Amino acid sequence: MSELNITALENRTVLVLTGKDVWDFLQNLVTNDMKMVSESQCLYAALLTAQGKFLHDFIIVKQGDAFLIDCTTDRKDDLVRRLTLYKLRSEVTLSEKEGKVFALYGDGANKAANLPEKAGTVIQNGNNLYLVDPRNAALGVRIIATPNFNLSEAFPDAIIKGESTYDAHRLQLGIPEGGQDIIPEKNFLLEANFEELNGVSFSKGCYVGQELTARTKHRAKIKKRLFRVAFDGTLKPGDKITLDDREIAEVRSFSNGQGIALVRLENLPEDFAALKPAGVKLIQPEYIKLPIT
């Protein structure tokens, strides 16, 4: 990608969590270690079922005494409901932040935002937060902006693009989004490449779903993984990719020739020529290091 782009992520909402118990509350719930979060460092994390299955993913950012959760708008109400259930007698208050979330990506994104090429780095610019996406620095910069944020003034060289352009950028990197690529109450965390995307800690101690996640890491072989899909034709979520009439992958997302699919690793062929539909390719994301286990 040669140009500097900026996209309003319309399907993102920022929740605000405050209160004297908020740090402990989150530390006991989410998959990543809240010790990593500061006003200069954010993290990616998930909320799981007690059985270790995925429910929600989000980015956690600290701003003053508050913790902000950048989550999917479509599933915000369910996340708030579950957080409220776990809150019990804890002194934690949940509210919703005004403003929007933007993605700045392409050549020079980090430089334009005065950020280094280090995933998770945060700076505050006025009342706006600029952060290098904690999942993978190649995704670019995320901006948690106030309602009066002026795009053209902040980034005059950036071209305003629709969400399909950002989706194609994300999909080409093979980075999934919860709710569409990672299916709630169905997928396990490590199938969704969470370890490689900096979204899980194996040293923090207990959190909801921790036992099965740790057991999968240390004792089990991961049989499925989210891979990139490249195809010149059209695919839609739920489409099957087959080899000799056997399903080896299910498409989760697809846009502009790029997609993500859940792949059965034991059936993955070395030669893509035999795959159906003809011309489809399944590609291991670059951020996953060989060999896959």
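## Charges over rings

A charge sits over a ring if NZ of Lys or CZ of Arg is within 6 Å of the ring centre and within 35 degrees of the ring normal. In this predicted model, R135 lies over the face of Y44, at 5.6 Å from the ring centre. The charged end of K217 is placed over the ring of F202, 5.4 Å from its centre.

## Aromatic pairs

The model has 4 aromatic pairs. One of them joins Y44 and F194, which are stacked at 4.7 Å centre to centre, with 20 degrees between the planes. Y44 belongs to strand β3 and F194 to the loop between α5 and α6 (210-218), so this pair ties together parts that are 150 residues apart in sequence. Y44 is buried, with a relative accessible area of 2%, and F194 is buried at 0%.

Y105 and Y166 form an edge-to-face pair, 5.3 Å centre to centre and with 65 degrees between the planes. Because Y105 lies in strand β7 and Y166 in helix α5, the pair ties together parts that are 61 residues apart in sequence. Both residues are buried: Y105 has a relative accessible area of 0%, and Y166 has 2%.

## Nonpolar cores

The largest nonpolar core contains 37 residues, and those with the most contacts inside it are V61, L68, L131, I144, I182 and F194. Among the elements that give two or more residues to this core are β3 (43-48), β7 (100-105) and α5 (163-173).

Leaving aside residues up to four places away in sequence, I144 touches V14, V61, L68, K97, K100, N128, L129 and L131. A second, separate core has 22 residues, including F25, L26, V37 and L83.

Key: Residues numbered from 1 in each chain as written. Predicted model: local features only at pLDDT ≥ 70, side-chain atom pairs only at ≥ 80, totals over all residues. Heavy atoms only, no water. Core = buried A, V, L, I, M, F, W, Y, C linked by side-chain atoms within 4.5 Å. Buried < 20%, exposed > 50% of the residue type's maximum accessible area, 1.4 Å probe, protein only. Helix = DSSP H or I, 4+ residues; strand = E, 2+ residues; numbered from the N terminus. Contact = heavy atoms within 4.5 Å. Phe/Tyr/Trp six-rings, centres within 6.5 Å; stacked < 30°, edge-to-face > 60°.
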